[in-house]
Amino acid sequence: MRLISTLIARLAIILLAWAGTVTFTGAQGLPALYDVTGVAADDVLNIREAPSASTAIIGELAPDQTGVEVVEISGDGKWGLVNSHEQSCWTSLRFLTPVAGGAMPDWPHLTCFGTEPFWDVAIAQGARIEMRSLQRDEQLTYATGTLNPVFSWPYVFTGQDGPGNITVIAVPAQCNDGMSDREYGMRGIVVYGSAGEYVLNGCCSLDMR
């Protein structure tokens, strides 16, 4: 157990150094999930190129849309950065209401992913961790995935499947997937294998499921 804790601590230090300066503001920090509210049923919430009503409209959110992930808030506190299609854009926080418990460490569902090689990890806190690696043609399920309360920041998840183990660490920080203009609010590192021999870097996102 001491060896595992030491490994987790070292990985957290590595990830923090890699992530650079990060900001953490508690359970209702960022990223966080929001619901669209206050928009007429026959209208939409515009998504804009920049945090200003005078910039181009490049997308829209439905008047009843739920689980919108906000990864950054503008300096004046009026706009939230969200992802739409293959890019990040801004929408008015006036029409977004935070989802109760919709931020880490309270939100139970998290997805981490990366490229070169392509991989993704789906985490259901207290239930399971599902790991998929296209490069190694693997799809694994770890049945004891939990949030380790000792390491509530960075967020540390551990799981076990027979002789194999997995550790996922997520840190609030700006992250790009390298394949689009999307921006995410967490960076992640995954270590898995019987001896922790496979290490993957990528981004993490809250999801509704």
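Reader: Where does Gly 101 sit?
Author: Gly 101 is in strand E8, residues 96-103. Strands here are DSSP runs of at least two residues, marked E and numbered from the N terminus. This is a predicted model, where local features need pLDDT of at least 70, side-chain atom pairs count only at pLDDT 80 or more, and totals for chains, interfaces and linings use all residues. Residues are numbered from 1 along each chain as its sequence is written, and side-chain values use heavy atoms, with hydrogens and water left out.

Reader: Is Gly 101 buried, exposed or partly exposed?
Author: Partly exposed, because Gly 101 has 30% relative accessibility. Buried means under 20% relative accessible area, exposed over 50%, and partly exposed in between, with a 1.4 Å probe and protein chains only.

Reader: What is Gly 101 in contact with?
Author: Asp 106 and Trp 107, leaving aside neighbours within four places in sequence. Contact means heavy atoms within 4.5 Å.

Reader: And how far is Ala 32 from Gly 101 in space?
Author: The two are 8.7 Å apart, C-alpha to C-alpha, and 69 residues apart in sequence.

Reader: Switching to charges. How many salt bridges in the whole structure?
Author: Two. A salt bridge is a side-chain nitrogen of Lys or Arg within 4 Å of a carboxyl oxygen of Asp or Glu.

Reader: Which residue meets Asp 120 in a salt bridge?
Author: Arg 132, at 2.5 Å, N to O. That pair links distant parts of the chain: Asp 120 is in strand E10 (residues 119-124) and Arg 132 in strand E11, twelve residues apart.

Reader: Which residue pairs with Arg 128?
Author: Glu 130 forms a salt bridge with Arg 128, and the closest N and O atoms are 2.9 Å apart. Arg 128 counts as partly exposed, at 34%. Glu 130 is partly exposed too, at 35%.

Reader: Now rings. How many aromatic pairs?
Author: Two. Rings of Phe, Tyr and Trp (its six-membered ring) pair if their centres lie within 6.5 Å; planes under 30 degrees apart are stacked, over 60 edge-to-face, the rest tilted. Phe 113 and Tyr 184 are edge-to-face, 5.0 Å centre to centre with 70° between the planes.

Reader: Are Phe 113 and Tyr 184 buried or exposed?
Author: Both Phe 113 and Tyr 184 are buried.

Reader: What about Tyr 192 and Tyr 198?
Author: Their ring centres are 5.2 Å apart and the planes are at 35°, so this pair is tilted. Tyr 192 is buried at 3% relative accessibility, whereas Tyr 198 is partly exposed at 28%.

Note on methods:
Helices (H or I, at least four residues) and strands (E, at least two) are DSSP runs, numbered from the N terminus.
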